[in-house]
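Biologist: Please go through the structure below with me, one question at a time, and state the cut-offs as you use them.

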Amino acid sequence: MSFVDLPLKMPLESPNTPIESCFFPSEGIASVVSTGRNGKSIEVGLIGREGVTGSAAILGSTQSPDAIFMQVAGNGHQISIRHLKEAIRKSPGLSETLTKFIYSFMVQTSQTALVNGRATIDERLARWLLMAHDRVSAPNLHITHEFLSLMLGVRRPSVTDALHLLEGRGLIRSSRNEVVVRDRSGLEAAADWCYGVAEAEYNRVFGFYASTGTVSALSMLDGKLGG
């Protein structure tokens with residue numbers, strides 16, 4: 001594995017292109033984006049320090065129709081698919097850990113589909129901010145209103161209105177390029193039923209490792225990858 005910087009908007013996977021490497025983010029957030037035949041896109045999942053990219057390749061495919069890119073800049077570790085698969089063949093424990101993460105990520109994406117179809121925009125935004133907050137070290141999220149509108153699949157004015165609503169309740173502080181989480185418990189209340197199912201399942205699967213919601217995936221591997 002090699003340590004790498006993961007700058008904003010860096011592509012980690014491109015649609016319908018062979019996946020050559022997996023990335024374990026230590027800081028920052030990767031966004032998984034699905035695009036339809038009409039060109040319209042929406043975010044379907046987030047990956048931070050709790051996980052790894054390259055699920056399709058780990059499961060035996062060579063590529064995916066989705067794109068993955070850095071939504072919040074950070075850093076992490078990169079390993080080639082070839083080397084990771086060699087390690088998986090040698091370590092049942094590594095294989096089990098990666099499979100557990102992929103399962104928990106599938107739960108996250110299924111919850112995202114439910115929320116996108118049934119929740120209000122402010123509930124969806126509150127959930128997204130909580131998920132992002134779970135994956136960073138500080139309450140500051142460097143994200144623009146325009147980017148949030150793309151991720152949530154709604155018009156930019158709708159995102160601005162929802163941010164103002166949450167800010168008016170004292171839950172966040174919002175500026176052009178940053179959102180600061182001020183009241184985590186209040187934000188959870190604003191998200192209501194939209195947040196918590198995927199997080200609880202992740203915690204169930206990984207047990208005490210996920211008790212804080214901020215554990216690194218590399219920590220869970222517990223040395224199974226070697227040096």
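Biologist: Is the crossing of helix 4 and helix 7 left-handed or right-handed?

Modeller: This is a predicted model, in which local features need pLDDT of at least 70 and side-chain atom pairs count only at pLDDT 80 or more, while totals for chains, interfaces and linings use all residues. Residues are numbered from 1 along each chain as its sequence is written, and side-chain values use heavy atoms, with hydrogens and water left out. Helices (H or I, at least four residues) and strands (E, at least two) are DSSP runs numbered from the N terminus. A crossing is left-handed if the near helix is turned anticlockwise from the far one by less than a right angle, and right-handed if clockwise; that of helix 4 and helix 7 is left-handed.

Biologist: At what angle do helix 4 and helix 7 pack?

Modeller: Axes are lines fitted to C-alpha atoms, for helices over the stretch in contact, and angles run from 0 to 180 degrees between N-to-C directions. For helix 4 (residues 121–134) and helix 7 (residues 184–191) the axes lie 8 Å apart, and the angle is about 140°.

Biologist: Why is helix 4 called oblique to helix 7, and how do the residues of the contact divide?

Modeller: Angles under 35 degrees count as roughly parallel, over 145 as roughly antiparallel, 65 to 115 as roughly perpendicular and the rest as oblique, and helix 4 and helix 7 pack at about 140°, which makes helix 4 oblique to helix 7. The contact (heavy atoms within 4.5 Å) includes A126, L129 and L130 of helix 4, along with L187, A190 and A191 of helix 7. With Ala, Val, Leu, Ile, Met, Phe, Trp, Tyr, Cys and Pro counted as nonpolar, Asp, Glu, Lys and Arg as charged, and the others, Gly among them, as polar, the residues divide into six nonpolar, one polar and five charged.

Biologist: Which residues is G48 in contact with, leaving aside its neighbours within four places in sequence?

Modeller: G48 sits in the loop between strand 4 and helix 1 (55–58), and G48 is buried, with a relative accessible area of 0%. Beyond those sequence neighbours, the contacts of G48 are P25, G28 and R135.

Biologist: Which residue of strand 4 stands opposite V32?

Modeller: Two strands pair if DSSP finds at least two bridges between them, and six bridges join strand 3 (residues 21–35) to strand 4 (residues 41–47), running antiparallel. The two form a hairpin with five residues between them, where G39 in the turn has a positive phi of about 90°. Opposite V32 stands G45.

Key: Buried means under 20% relative accessible area, exposed over 50%, partly exposed in between (1.4 Å probe, protein chains only).
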